[in-house]
Amino acid sequence: MTVTPQPHPVYVVGAGPGGLAVAAALRARGVRAVVLEKSDAVGASWRHHYDRLRLHTTRRLSSLPGLRIPRSFGRWVARADVVRYLEKYAEFHDLEIVTGVEVTRIEQEQEEWILHATGGRRLVGCAVVVATGFNHTPRLPDWPGLDTYTAKAELVHASAYRNPAPYEGRDVLVVGAGNTGAEIAADLADGGAARVRLAVRTPPYIVRRSTLGWPTQRSGILIRRLPVGLVDRLTGLLGRFMTADLSAYGLPRPTGGLYSRVRAGAIPVQDVGLVAAVRAGKVEPVAAVDSFEGGEVVLADGSRITPDAVVAATGYRRALEPLLGHLGVLDERGRPVTGAGKGGKAGKAGKAALPQGLYFTGFTNPISGMFREMALDAERIAGRIARRLAKRRA
Ligand SMILES: Cc1cc2nc3c(=O)[nH]c(=O)nc-3n(C[C@H](O)[C@H](O)[C@H](O)COP(=O)(O)OP(=O)(O)OC[C@H]3O[C@@H](n4cnc5c(N)ncnc54)[C@H](O)[C@@H]3O)c2cc1C
């Protein structure tokens with residue numbers, strides 16, 4: 001491997017799969033990259049997810065550049081094996097990773113990038129790749145009465161949920177029917193909770209993880225570039241076969257096209273136990289949570305319930321504002337204005353461009369699987385950085 005002479009390294013912020021993939025792709029092109037990670041190890045998010053979690057994207061379609069996920073990890077890779085893979089990945093590519101360093105602010109100074117980090121560090125990079133995660137900071141809705149409720153009763157965000165053991169014999173309300181809420185509800189039902197209710201605001205599309213050996217992820221890849229209206233119509237026609245109907249059990253069929261909803265950020269729920277649990281009466285769909293009053297939870301249909309515990313699977317924020325809100329590169333939802341690999345390129349019509357040398361990975365939630373997209377983005381980003389460095393030298 002030829003090493004490109006660089007005035008300063010490329011800094012990659014975050015040692016999750018996104019950041020590691022970019023660092024490896026840069027190294028493969030002879031570009032020095034230093035990964036800065038605030039926790040004490042790579043793959044911090046995967047170390048803390050709930051025990052039962054497996055990749056719902058297949059092993060083959062989730063490998064990062066330059067190292068396949070071992071076949072022995074099976075088709076649906078377990079959480080602990082994802083962590084093992086990420087550790088192995090960093091070691092295999094001999095990545096330069098500094099742990100225990102949190103980047104707090106990023107600034108541009110002419111051609112260089114200045115990173116302010118914990119311990120009063122001021123680091124100078126020739127480019128910076130932000131890979132701090134789509135699921136950065138747990139988000140709780142601004143529910144009226146939440147403070148009074150938590151003073152009396154137990155409420156945790158799904159990010160703090162590990163397994164059903166603490167909930168055995170208890171009445172639990174899971175809020176939010178995305179992939180995480182659906183799986184936690186099934187986990188609680190399997191794990192001995194006395195009663196499990198699932199509060200649903202917008203009924204999700206629920207799809208099988210695979211059908212006759214064909215993974216749903218592959219369909220996601222095939223339809224990804226098709227027009228939204230066409231996919232909505234197709235999935236509408238095939239909906240009865242592709243998606244589960246739980247309307248007899250209190251979970252109405254979803255409205256709105258499947259792909260329109262994906263574009264608005266609502267990925268279909270991959271069924272890993274919810275459908276069977278609802279059909280068996282072990283998970284009861286209920287109306288959305290409206291507010292809290294004392295020890296009661298008030299639902300959108302006016303009913304009031306008093307579960308022993310609430311698990312809020314209500315999503316995450318990107319929390320990029322403190323890091324780079326001042327650079328004008330975030331949209332109204334706090335997401336980067338343009339996609340990965342586009343540092344210095346004009347954004348889509350009406351969208352601002354990213355400054356030269358600033359890149360993002362992992363800030364979309366595509367139907368084709370994030371590991372897969374981050375692997376592709378890593379090559380794009382590394383290619384652009386390598387070309388830019390070559391131009392600067394010329
Ligand atoms: C429950 C769950 C299941 C998922 N399952 C799948 C799946 O099956 N298939 C799939 O393709 N995708 C899946 N995803 C989506 C996505 O692939 C993962 O979230 C993946 O971990 C994202 O990788 P990332 O590197 O972008 O972010 P993360 O893995 O979150 O990594 C970000 C890293 O940045 C560090 N960091 C954050 N801020 C700073 C800072 N300021 N300074 C320094 N370090 C910082 C964090 O500590 C962390 O290590 C899942 C997501 C969740 C939440």
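Author: Start with burial. A residue is buried if 20 or more other C-beta atoms lie within 10 Å of its own, exposed if 12 or fewer, and partly exposed in between. Of the 394 residues of the chain, 40% count as buried. Keep in mind that this is a predicted model.

Reader: What class does Glu-293 fall in, and why?

Author: Glu-293 has 13 C-beta neighbours inside 10 Å. Exposed needs 12 or fewer, and buried needs 20 or more. Glu-293 therefore counts as partly exposed. The residue belongs to strand 17, which spans residues 289-293. Leaving aside neighbours within four places in sequence, its contacts are Gly-145 and Val-298. Arg-387 is 94 residues along the chain from Glu-293, with 59 Å between their C-alpha atoms.

Reader: And Gln-110: why is it buried, partly exposed or exposed?

Author: The count is 5 C-beta neighbours inside 10 Å. The limit for exposed is 12 or fewer, so Gln-110 counts as exposed. Gln-110 lies in the loop between strand 4 (103-109) and strand 5 (112-117). From Gln-110 to Pro-322 is 21 Å, C-alpha to C-alpha, across 212 residues of sequence.

Reader: What makes the phi of Asp-94 worth a remark?

Author: Most residues other than glycine have a negative phi. Asp-94 is not a glycine, yet its phi is positive, about 55 degrees. It is placed in the loop between helix 3 (79-92) and strand 3 (96-99). With 8 C-beta neighbours inside 10 Å, Asp-94 counts as exposed.

Reader: Which phi value does Ala-319 have, and where is the residue?

Author: Phi of Ala-319 is near 55 degrees, again positive in a residue other than glycine. The residue lies in the loop between strand 21 (316-317) and helix 10 (321-324).

Reader: How do you know how compact the chain is?

Author: Take the elements first. The chain has eleven helices and 22 strands. Its radius of gyration is 22 Å, close to the 21 Å that the globule rule gives for 394 residues, so the chain is as compact as a globular protein of that length. Along the principal axes, the C-alpha atoms fill a box of roughly 70 × 50 × 45 Å. Among contacts with a separation of 6 or more, 68% join residues 24 or more positions apart.

Reader: What makes a group of residues a nonpolar core here, and how many residues has the largest?

Author: Members must be buried residues of the nonpolar set, joined through C-beta atoms within 7 Å. The largest such core has 58 residues. Val-10, Val-12, Leu-20, Val-22, Val-128 and Val-129 touch the most other members. Helix 11 (residues 370-393) gives the most to this core, with nine residues. Beyond four places in sequence, Val-129 touches residues including Val-10, Val-12, Val-22, Tyr-359 and Ile-381. A second, separate core holds 46 residues, among them Leu-155, Tyr-161, Ala-182 and Phe-292.

Reader: Which domains are assigned, and how many residues link them?

Author: The assignment gives domain 1 (10-136 + 318-393) and domain 2 (140-312). Their centres, taken over C-alpha atoms, are 29 Å apart. Twelve residues of domain 1 are in contact with 16 residues of domain 2. The domain 1 side of that contact has four nonpolar, six polar and two charged residues.

Reader: What makes up the shell around the ligand?

Author: The shell has 13 nonpolar, 17 polar and three charged residues. Of the 33 residues around the ligand, Gly-14, Gly-16, Gly-18, Gly-133 and Gly-362 come nearest. Helix 1 (17-28), strand 2 (33-37), helix 2 (44-48) and helix 11 each give two or more residues to the shell. Helix 1 gives the most, with three.

Technical notes. Residues numbered from 1 in each chain as written. Predicted model: local features only at pLDDT ≥ 70, side-chain atom pairs only at ≥ 80, totals over all residues. Domains from an automatic or database assignment. Contact = placed C-beta atoms within 7 Å. Nonpolar A, V, L, I, M, F, W, Y, C, P; charged D, E, K, R; others polar. Helix = DSSP H or I, 4+ residues; strand = E, 2+ residues; numbered from the N terminus. Near = placed C-beta within 6 Å. Rg over C-alpha atoms; globule rule 2.2 N^0.38 Å.
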